[in-house]
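Dear colleague,

I am handing over the structure we spoke about. Please look through it first; my notes on what was found follow below.

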Amino acid sequence: NKTHRRRRHPLGVTPARSPRGAAGRCMRPARRVLHRLTASFDRTVARDAAPARAFASLARAAASPHIRPRSRASMTAQATGSAAETAGAANGAEANGANAGVKPPCSESADAVDVAAGPGTSSVPVPPVPATAANKLKAWDFWRSMGSPKFHVAPMVDQSELAFRELCRRYGATCAYTPMVHARLFVESPKYREEIFTTHAGDRPLLVQFCANNPDTLLAAAKLVAPHCDGVDINFGCPQRIAKKGNYGAFLMDDWDTVHNLIKKLDEELPVPVTAKIRVYDDLETSLKFAKMVEAAGAQLVAVHGRTREQKRAADVRANWAFIREIKKQLKVPVLANGDIRSLEEARACLAATGADGVLSAEPLLENPSLFSDPPLAPPADKSHPLPVAGDTNVRLLLEYLELTKQYETPVRMIRGHVHKMVGHWLAEFTDLREWLNHHGGAPKTADALIPWANELMGRINLVRRKEGRSLPIPKKSPRALAREQAEEAKAAAMAEQAREDAAFEEINAKRQKLDPPAAEAPATAAI
C-alpha cells in the first residue's frame, strides 16, 4: 500500500482534510461555487495588474476596471525640473518620461486638498472626489494638479492614440491630448467610441479633444469621458476642408456666439475643467479679443496656434510667437504655445520668447516621437533643420511603438500612418520596402508583420552607415514610379507627334487651296 501524503500548501499552511462520505458529497457543490469565486477573483486581480484596452462606452465606462479616476499630483521630472529624482527608471529614455503616469493614490476627501508633490516642489491641488461642476478645480489649481506640464502631445486626427501617447511619454512628453473626436459620432456610435477613445490608469495627464457645434451634443459626449481624463478640450483650430464642411474647428472663429456657448455649457455642467485650442487672426487686436472671449466663457486653459486659419502648411510660414506672447500677457489662465516646435531646443526657445506655460508639438512629434527627450536621442547635425532624424533612431522608436500597439489594440490605418511619418524619409531610398508597405494586397500590415520589416530596414540603414558613412537617405525612384514616368513620357511624345501631323495636314490643305481656288458659284436664277 502506498503511503498517502497530504499536499503541502505553498505558504506552509497545512489545509484541513475535507469531510468524506455523505458529508463530503454534500459539500461538493459548495466547494465548486467557492472555486468559481476564487478563480473569478484571481482573474480580476490579474486584469487590474496589467490594464489593457479600455472602452468609453455608455454601458461599460463606469464599471471598467481599466479606466478609473486617480490623483494627478505627480509628473515627470522634466515638468518639475528635478530629473534626478525620477524613480524606477530602467534607462535614460525611461527616466525622461516613462513614469509620467505613476501617481499617489487618490484622496478620499470630498474637497480639494494639498498633498506633497515631491522634493523641491510646492504643494499640489488634488481634484475633489467626487468632482462636480461646482467644486472642480479652476485655472491655475487645475494646471498645478496636472503637475504644471510643459511638453504636450498635440491633438492629431487618427495620430495621437494611446500607443503613440505612451511612446511620447516615455521620451519626455509630460501631457497628451487624444485624437480629435467628433462629438456627435461619439454619442451615436458605440463602434466609433471604442475605436477612437482608449486609455488606461497610467495615461495621465490626459485632455480629450472634441470638435462640435452643438452645446448639448458636446456635453453628452464630454460626460462619457469626464471620469477618465483630466479635462475636456474643444477644437477651434482645425483648418481642414472637413472642418469647413462640418462647421467646426477653426471655421467657428467666424461664429463667436457658438464658441462662447460651447465653452460655457461645459464649464457650467461638466465635472472636469474645459480647455480650448485656438488660432490667431491676421491682426493682433482681433486675436486678443477672441482669446479673452474664450477665457471669459469658461476655458481654464488656452492653447494658441501661432498661425491663421488660412496658413495650413507649417513649412510655408513661421508661427507668430509675438502674437502668442501678447495673448499670454492678457490672459489670466495658463496658455500653451503651438507652432514651430521641431526640437527640444526650439521648445525651450518658444517658452522663453512667448512666456507660455507649455508647448504643443504635432507634425514634428510624428517625425520624432523622442522630440522632448533630454538629452536628445539623436542630436541633429544642423540645428536649423532638426528633421528628419538621422540614422536608425526612428526605426528603434518604431519597433517600440509596434510593441505598444500589440499591448493596446490600434487600428491598422493609424499604425501605417505612424510608419510613414517615422521612417518615410528612408523609404524614399529603399523603395521596395515602401512598395510592400503600400501594397494593398496580401496579409494586413499588422504589428507582427511590420516588426520583421522594420528590422530589415534597420539592417539596411546600418549597412549604408558602415559602407558609405552616411546617416541620411538618398531618395530614389521606385520601379513603379520609373514605369509611370516612362508611360507619361511616351504619352507626351505621342501627343506631340499627333500635333505635328495635324499641323502638317493643315499646311498642305492651305497650299492646295491657294493652287486650286474653288470655282465661282453660278448666280441663282430668279424664279419666273
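The largest pocket holds about 1,400 Å³ of space. Please keep in mind that the model is predicted. The lining of this pocket consists of 49 residues, and M156, Q240, K312, A362 and E363 are the ones nearest its centre. By class, 24 of the lining residues are nonpolar, 11 are polar and 14 are charged. At least two lining residues each come from α7 (190-196), β6 (206-211), β8 (274-279), β11 (358-361), α14 (363-367) and α16 (412-427). Of these, α14 contributes the most, with 4 residues.

Searching the whole structure gives 2 cavities of 30 Å³ or more. The largest cavity contains about 50 Å³ of space. Its lining is made up of E161, L162, A163, E195, I196, T198, E409, T410, P411 and M414. In this lining, 5 residues are nonpolar, 2 polar and 3 charged. Both α5 (162-170) and α7 supply at least two residues to the lining of the largest cavity; α7 also supplies at least two to that of the largest pocket.

Last, helix α13, which spans residues 344-354. Which of its residues are buried? They are L344, E346, A347, C350, L351 and T354. These lie on the same side of α13, because they cover an arc of only 160 degrees around the axis. The buried residues of α13 pack against β3 (151-153), α12 (321-330), β10 (335-338) and β11. After α13 comes G355, with a positive phi near 75 degrees.

Regards

Notes:
Residues numbered from 1 in each chain as written. Predicted model: local features only at pLDDT ≥ 70, side-chain atom pairs only at ≥ 80, totals over all residues. Heavy atoms only, no water. 1 Å grid on protein atoms, 1.4 Å probe; cavity = no way out; pocket = protein on both sides within 12 Å on 5 of 7 lines; lining within 4 Å. Points joined across faces, edges and corners; volume = space filled by probe spheres on them. Nonpolar A, V, L, I, M, F, W, Y, C, P; charged D, E, K, R; others polar. Buried < 20%, exposed > 50% of the residue type's maximum accessible area, 1.4 Å probe, protein only. Arc of directions from axis to C-beta. Contact = heavy atoms within 4.5 Å.
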